[in-house]
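Here's a walk through the fold, one piece at a time. Keep the viewer open and follow along.

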Amino acid sequence: MGWDEGAVHYSDQAQFPHGAGADAANRHTVLRKFKEFIRNFANEPNVFPYRESLVQNPKFLLVNLTDLLTYDKDLRDLLRKNPSDYLPLFETAAAEVNANLKARVAGETGEMEEPQTGEVQILLKSDEDPVSMRALGAQYISKLVKISGITIAASRTKAKATYVTLLCKNCKNVKVVPCRPGLGGAIVPRSCDHVAQMGETPCPVDPWIVVPDRSKYVDQQTLKLQENPEDVPTGELPRNMLLSVDRQLVQTIVPGTRLTIMGIYSIFQASTSHKGAVAIRQPYIRVVGIEETNEATRGPANFTQEEVEEFKRFAAEGNVYENICSKIAPSIFGHVDVKKAVACLLFGGSRKTLPDGVRLRGDINVLLLGDPSTAKSQFLKFVEKTAPIAVYTSGKGSSAAGLTASVIRDNSTREFYLEGGAMVLADGGVVCIDEFDKMRPEDRVAIHEAMEQQTISIAKAGITTVLNSRTSVLAAANPPSGRYDDLKTAQDNIDLQTTILSRFDLIFIVKDIKMFSQDKKIATHIIQVHTSANAAGEPRDTKDDNWLKRYIQYCRSMSQPRLSDSAATSLQQTYVEIRQKMRKQANETGEATAVPITVRQLEAIVRLSESLAKMRLSNVANDIDVVEAVRLFENSTMDAAKSGINQHINLTPEMANEIKQAESQIKRRMGIGSHLSERRLIDDLTRMGLNESVVRRALIIMHQREEVEYKRERRVIYRKA
C-alpha cells in the first residue's frame, strides 16, 4: 500500500525465499531442530526448562540465545541473521510441541480429540552487551539487535491485523492475505484470481474490499525509547527510537522504566514523509524480548570475580568510611562533613515495604545552602559524574512539568501520551538541582511528593497515573540576599518553606569564613590543583572515578542493612533529647525554629546509619553508625536550626545591656505609628554615641518581636510601645 507508491514495487515478505524443493526441505529440517531443542534441551540432567515452561505458561516461551548456542550453533546463527524468517518458524515449532504435551480431551460427541492449540509467542533474551543507539545503521536492518534505554512514552493499545480477509466486489470471492508483522501493512493483490465463466462480467482491477470483522488481530503498542542519560555524549541531544511491541508484551511498560530490549531492526514508511521520497524509510525496532533493569541489576551489573573479591577486601578494611570520603570530590579543600554527607547520599539507606503496602523511602536528600564560591555546584557536578544514574538540572531553567512529567499530543495520531521529566528519568539515582532558591514556588511544590512518597501523580488530559521517582535529591541554594548574613535570623537566611525543608535529611550551611590560616591553605590547594591538572587534550585517568561508581553500584545491589536493637534504643533516646532541646529553645526565644525537627528527621538518622553500614557491605547498622549519623545530623541540620542571631544566644551581659539601651533610645526617638528611614535613625543614634552594629542588632530583635515593621525603601514604622 504505502510501500508501492512512485512505481517502486515491493515484494511480499514471505517467510522463506521461494525456491526449489530443497528450500522447503531446509525449512522442514530447521522446524524439526527447533522442536527437538524445545523438547530435549536440558541445563541439568533430567531438567527440561523449556518443556516445563510451556506446560506452566502456554502463551509465551522465554528462550535464552546462549542455550540455543550450546545446543546448536547453526540454529542460533540463522535466528540472528534472518530473525523475521526463522522466528515465525520457531513459534510454529513451539505451538506444535505445546499441542503434543497436552493430553487428548473428550470432544462434544464424546470421542477423544486433539486439544486446541493456541499461538505461542517466542521471547528472546541474550547475555551479550547492548549496542549503542547511535551505532545502529543500515547494516543492522532485518538483523537481531540489543539496545538499552529509558522509556519516555507509551501509546494506547491498538488492534493489529495478522490476517486480512478480502472480498471481491464482483464475484464475492474471499481471499485471506497475511499482514507483515510490526508496523508493516498487508499486500493487497491488484486483481482477482477468479476465472470468469461464459456470460459473467470479468472482475475489474483492484476489486478487493477489506472485511474487518472476519480478519484476525493481535494487540499492539508503540513505545518511545530514549538513550540513558549517562550514555549521552556531552553537549549532544539524547536520541529516540520507536519500538513496536505486541501480544504478551503489551501494557507491561510504563514511562520512566529502564529497559534492555532484543528486537529486529526494521523499517517502515512514515505517513508524514514526502510523497516523492519513496526510497526513504523510518527505522523502528520490532521487540522480541524485554528485560526490565531494576535498581538491583541496573547498568553493567555483571561484576567480574576479581572485582567482587577486590570490593570485599576493601570493605573488610577498618577505615572504609574515611577511604570513601577521601575519594569524594578530592579537588575540593575542606568541607569534611559535606563530603561525608555526599558519600551517604550516594550509597543510600534501605528501602522498606510495610505489611500494609506502605513504602518507606531509603534515599537521602541533602541541601547545601550558603555563600557563593564555596564549591556547592562542584559537589553537584561530582555527584552527577559519580552516581550510577544522575540528572543535573538548574532551578531557573526547570519547570514543574520538566521535573515531574508532561502530557504531549502526538502529531500523527493526535492522541495524548506521557513523557517523564528529570525526577522520573533519574529513578533509582540522584537528581542534582542547582540554584534551588531561584525556582518558582509553584514549581518547587511539584517535587514535594517526589521527595517523600517517591511517586509522581499525574491527572492531565484524561491521563491519570502514578510514576515512580525513587531518587535522592542533592540541592544547592543561596540565601535571599546572595550571601549568608549573620545579623539575620535563621528564618530570614533560609528563605524556603518548612514543608520542603523537612523533606531534606541534612541541611548544610556553607559559609565563606575569612581566616588567615584557612585562606592560606585554600590558596595553596587551589594553586596546586591548577598546576598539577592535565592539559585539555591529555587523556584523563578515569579508573578511580569508575571504581567508585562500580563500588557504589555493588553496595546498593548487595547490601540492605537494618538497625540493631541496641542502636535502635540509643537512637530513640537521642531523638527525644533533640526534641526537648528544640522545645526549650523555642520557649526561650518565643518562636519556632526555621528548620523543623520532626519524625522525618528521626527517619533521616535511620537512613544515614543504614548508608554507613552499606559502605562496609554490612547487613546490620550498629551503635557506631548511629553515633556518626547523629553527629552528621547535629553538625548540619541542628546547626542550621540554631544559626543566625537570636536575642538569647551568644550575647554577653555587656552586649545585652547595650542592646537594651539602644532599644529604649529607638522607642524614645520614634512615636507609635511614625515612619522613619532606617539610615536616618541609625545616623541619629550613632551621633548620640551608640555603636552602629548594636543599633542594627536592636532593630533586628525588635523586628523579630514585631515591635517595628519595615516598609518600602527600608522605612521603619514603630508599632507598639
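This is a predicted model: local features need pLDDT of at least 70, side-chain atom pairs count only at pLDDT 80 or more; totals for chains, interfaces and linings use all residues.

## A hairpin to start with

Thr 165 sits across from Val 176 of strand E7.

Five residues lie between E6 and E7, and Lys 172 in the hairpin has a positive phi near 60°.

## The whole protein in numbers

Zooming out, the protein has 721 residues, and 44% of them count as buried. The secondary structure comes to 23 helices and 28 strands. The accessible surface is about 37100 Å², with carbon and sulfur atoms accounting for 51% of that.

## Strand E10 and its partners

Strand E10 covers residues 240-246, and five of its seven residues are buried, so call it mostly covered, given that buried means under 20% relative accessible area. E10 pairs with strand E9 (residues 216-226) in the antiparallel sense, over seven bridges. If you want a landmark for that pairing, find Leu 225, which stands opposite Met 241 in E10.

E10 also pairs with strand E12 (residues 282-292), here in the parallel sense and over two bridges. For a landmark in this pairing, take Ser 244, whose bridge partner in E12 is Arg 286.

## A parallel five-stranded sheet

Next up is an open sheet with five strands, ordered E16-E19-E22-E15-E23 and paired in parallel. Strand E16 (390-394) and strand E23 (506-510) are the edges, each pairing on one side only. Going from one strand to the next, the twist averages 15°. Strand E15 (residues 366-370) runs parallel to E23, and five bridges join the two. Among these strands' residues, Gly 370 has Val 510 in E23 as its bridge partner.

## Two crossing helix pairs

At what angle do H8 and H19 cross? The axes of helix H8 (residues 336-347) and helix H19 (residues 599-615) cross at roughly 80° and come within 9 Å. That puts H8 roughly perpendicular to H19, because angles of 65 to 115 degrees fall in that class. On the H8 side the contact is made by Ala 343, Cys 344 and Phe 347, while H19 brings in Leu 608, Ser 611, Leu 612, Lys 614 and Met 615. Sorted by class, that's six nonpolar residues, one polar and one charged.

The other pair is helix H2 (residues 49-56) and helix H5 (residues 83-101), which pack at an angle of about 75° with axes 10 Å apart. H2 and H5 are therefore also described as roughly perpendicular to each other. Here Arg 51, Leu 54 and Val 55 of H2 meet Ala 94, Val 97, Asn 98 and Leu 101 of H5. By class, the contact of H2 with H5 has five nonpolar residues, one polar and one charged.

## Positive phi away from glycine

If you're checking backbone torsions, here are two loop residues to look up. Ser 142 isn't a glycine, yet its phi is positive, near 65°. Ser 142 lies in the loop between strand E4 (121-125) and strand E5 (144-154).

Leu 617 belongs to the loop that runs between H19 and strand E25 (620-621). The relative accessibility of Leu 617 is 21%, so it counts as partly exposed, because buried requires a value under 20%.

Conventions: Residues are numbered from 1 along each chain as its sequence is written. Side-chain values use heavy atoms; hydrogens and water are left out. Helices (H or I, at least four residues) and strands (E, at least two) are DSSP runs, numbered from the N terminus. Buried means under 20% relative accessible area, exposed over 50%, partly exposed in between (1.4 Å probe, protein chains only). Accessible areas come from the Shrake-Rupley method with a 1.4 Å probe; for residues, only the protein chains shown count as cover. Two strands pair if DSSP finds at least two bridges between them. Axes are lines fitted to C-alpha atoms, for helices over the stretch in contact, and angles run from 0 to 180 degrees between N-to-C directions. Angles under 35 degrees count as roughly parallel, over 145 as roughly antiparallel, 65 to 115 as roughly perpendicular and the rest as oblique. Contact means heavy atoms within 4.5 Å. Ala, Val, Leu, Ile, Met, Phe, Trp, Tyr, Cys and Pro count as nonpolar, Asp, Glu, Lys and Arg as charged, and the others, Gly among them, as polar.
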